[in-house]
Amino acid sequence: MAITLSGDHAIASPPLSARLTTPQVWGIVLLAPYILVFLAFVVYPVGYGLWLARHPASYVALWHDPIFARAAVNTLIFLLVGINIKMAIALFLSGFFAQQRTWIKWLSVLFILPWAVPSIPTILSVRFMFNPEWGVINQLIFKFTGEDGPNWLNDPTVALSMAIGVHIWKSLPFWTLILMTGRLAISHDLYEAAEVDGASWSQKFRYITWPSMQTLYITCTLLSMIWTLGDFNSVYLLTGGGPADLTHVLATLGIRYLRLDQLSLAMASIVCALPFVLPLVYFMMKRLSR
Amino acid sequence: MKLPTLREIGTEAKLLLIGIPVFIWTMVPIYHMFLFAISPKEDAFAGKLWPTHPTLNNFSIVFHQQHYFLRDFWIQFLNSVVIALSAGALTLMIATAAAFSISRLRVPGGRWVMNLALFTYFIPAAFLAVPMYRTMGNYGLLNNHWSLILAMVTIASPYAIWVLKQASDKLPVELDEAATMDGATTLQLFRLVYVPLMMPSLVAIGTYAILLAWNEYLYAFLLLSKDTEITLPVALGNFLAADDSPWELLMTTGFIYALPPAAIYYVFKRYMVGGLTAGAVKS
């Protein structure tokens with residue numbers, strides 16, 4: 001009787017170790033380190049951050065902070081203007097670098113440099129070039145015109161455009177490389193056939209290149225948007241958010257509040273960006289995890 | 001010898017018309033940094049395009065730590081090396097184990113973990129920095145190198161797992177079956193079959209994680225603050241705080257700091273381009 005009972009019991013719910021095969025147990029063991037990292041440094045911080053941002057008062061305070069409104073607008077300019085310019089240039093240059101020429105191959109080796117070297121020394125280099133007194137740009141302007149050049153980083157519009165320029169300088173090589181891979185995948189026969197039919201440069205682009213690359217281009221643009229939202233260096237190292245906190249973007253604004261010990265505002269400013277980020281993330285995940 | 005036709009010359013001229021601005025645009029900030037590094041202070045600040053007396057004196061000052069800002073140059077350099085190598089090694093271990101588990105052992109829930117990892121990959125780095133900073137404080141890790149190492153592992157792992165999983169999926173199942181038939185245990189399969197076959201991808205991912213950690217500024221600047229604990233980029237950023245920053249030394253230090261990643265990139269280029277552009281690497 002007792003034996004039957006324990007037998008029934010075993011069938012109803014076998015111990016976990018019996019249900020898993022040895023490789024599966026190893027699978028769990030080998031996956032555990034990443035899961036621990038994920039729980040400790042993604043789940044807990046994000047959860048804790050959201051908890052810190054739970055008070056509606058933070059959002060009211062944000063709404064009344066003119067720096068936040070300015071940072072939100074700057075972020076939009078960065079995304080809409082900056083990224084579209086960057087991706088359009090990348091698309092154009094991907095065609096240039098796809099040309100079979102020895103000197104273009106060599107140029108492409110140099111062209112990668114901005115992406116390969118860390119941002120801080122190069123952005124500081126740009127910052128010094130535009131120093132109103134000692135920078136090379138104003139020195140040259142003085143040499144040729146005899147007049148003092150503008151104080152470049154003192155005008156928020158100019159400073160923001162320059163931050164966008166720095167961002168483009170840094171990430172253009174990467175996107176050009178990706179789009180070039182896409183271009184090289186297009187069958188050469190199509191171009192040869194078009195050539196025979198006497199198609200012009202713009203017709204070849206419109207009817208062959210663009211249709212083949214459209215999806216890749218859109219994916220790259222969206223991915224670039226997500227990463228640009230997290231680009232702290234371009235703005236912080238060039239302008240520090242200045243002059244008068246007018247060139248902040250959301251990435252630097254969160255850190256600014258953090259430095260001022262206003263943690264709930266820092267988190268709230270990030271939470272405000274989530275309605276824009278999450279759809280992008282969802283779309284990217286769907287595309288990449290096919 | 002065949003003379004180029006007029007049409008060919010025209011095409012070449014058009015290409016040059018693109019190539020020359022691209023060259024200038026790419027090189028100016030880098031050349032400017034190099035120019036400062038080899039210029040005495042007077043030349044650097046006079047807006048010259050080539051110094052009258054090129055010198056390696058700035059390098060000597062940096063290497064001998066002969067300036068207030070550079071007192072801890074070597075220890076900061078070492079901090080950068082230790083953190084980059086640790087983050088690289090740890091990312092490789094964690095991501096390789098995870099990719100093997102998900103792709104080869106088909107662990108239950110593996111797909112889920114993969115999606116969560118991808119999700120992390122898309123969180124903008126500056127957004128995660130705010131809560132991560134507080135969390136590191138709660139864990140008591142602030143000003144400890146482990147905080148930066150673990151932060152870099154957290155950021156590098158998702159992409160690493162994703163790339164390694166894509167590569168693992170391409171290995172034929174028959175390999176695992178044959179090894180198991182021969183009596184290999186799961187760990188032997190991992191060590192003797194999987195890791196050797198994955199070597200090119202592992203090199204690419206290791207390089208990626210090392211470069212990511214070496215180049216990182218934001219997290220380093222938030223998580224570390226003591227002069228003898230900070231990494232080189234944070235030390236460079238601290239130059240900015242002063243009104244009379246020695247810019248020629250800042251640029252020299254920056255140039256030294258930028259050399260290793262550029263060199264590593266060119267040495268491992270064939271692995272990087274093959275392994276990384278398959279997906280899309282975090283810039």
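A: Chain A comes to 15 helices and zero strands. This is a predicted model, and the mean pLDDT of chain A is 88, with 93% of its residues at 70 or more. Confidence in chain A is highest in helix H5 (residues 66-97), at a mean of 94. At the other end of the scale is helix H1 (residues 2-12) of chain A, where confidence is lowest, at a mean of 45. Over residues 1-10 of chain A, pLDDT stays under 50, and the model has zero contacts beyond four places in sequence for this stretch. Where pLDDT is low, the predicted coordinates should not be read in detail.

In overall dimensions, the C-alpha atoms of chain A fill a box of roughly 105 × 65 × 30 Å along the principal axes. The radius of gyration of chain A is 27 Å, whereas a compact globule of 290 residues would have one near 19 Å.

Chain B is built from helices as well, with 13 of them and zero strands. Its C-alpha atoms fill a box of roughly 75 × 70 × 30 Å, again taken along the principal axes.

Now to the interface itself. On the side of chain B, 91 residues are in contact with 88 residues of chain A. The area buried between the two chains is about 8300 Å², and carbon and sulfur atoms give 80% of that area. In chain B, the residues that lose the most area to chain A are B:Phe122, B:Phe127 and B:Val130, which together account for 9% of what that side buries.

Polar pairing across the interface can be listed briefly. Eleven residue pairs are in polar contact between chain B and chain A, both residues being at pLDDT 80 or more. Helix H1 (residues 6-37) of chain B gives the most to the side of chain B that touches chain A, with 17 residues. By residue type, that side divides into 66 nonpolar, 20 polar and five charged residues. The rule finds one salt bridge across the interface. Its partners are A:Arg101 and B:Glu12, with the closest N and O atoms 2.8 Å apart. Side chains of opposite charge can pair when their charged atoms come close.

Over all chains, a search of the whole structure finds seven salt bridges. One of the salt bridges joins the side chains of A:Asp245 and A:Arg256, at 3.5 Å from N to O. A:Asp245 sits in the loop between helix H13 (233-238) and helix H14 (250-259) of chain A, while A:Arg256 is in helix H14, eleven residues apart from it.

That loop between H13 and H14 of chain A also holds A:Pro243. A cis peptide bond joins A:Gly242 to A:Pro243, with omega about -5°.

Chain B has a backbone feature to note too. B:Arg106 has a phi near 50°, a positive value in a residue other than glycine. B:Arg106 is found in the loop between helix H4 (73-103) and helix H5 (110-121) of chain B.

Conventions. Residues numbered from 1 in each chain as written. Chains lettered and ligands numbered in written order. Heavy atoms only, no water. Contact = heavy atoms within 4.5 Å. Buried area = accessible area lost by both parts, 1.4 Å probe. Salt bridge = Lys/Arg side-chain N within 4 Å of Asp/Glu carboxyl O. Polar contact = N/O pair within 3.5 Å; in protein donor to acceptor, adjacent residues only side chain to side chain. Helix = DSSP H or I, 4+ residues; strand = E, 2+ residues; numbered from the N terminus. Nonpolar A, V, L, I, M, F, W, Y, C, P; charged D, E, K, R; others polar. pLDDT = per-residue confidence, 0-100. Rg over C-alpha atoms; globule rule 2.2 N^0.38 Å.
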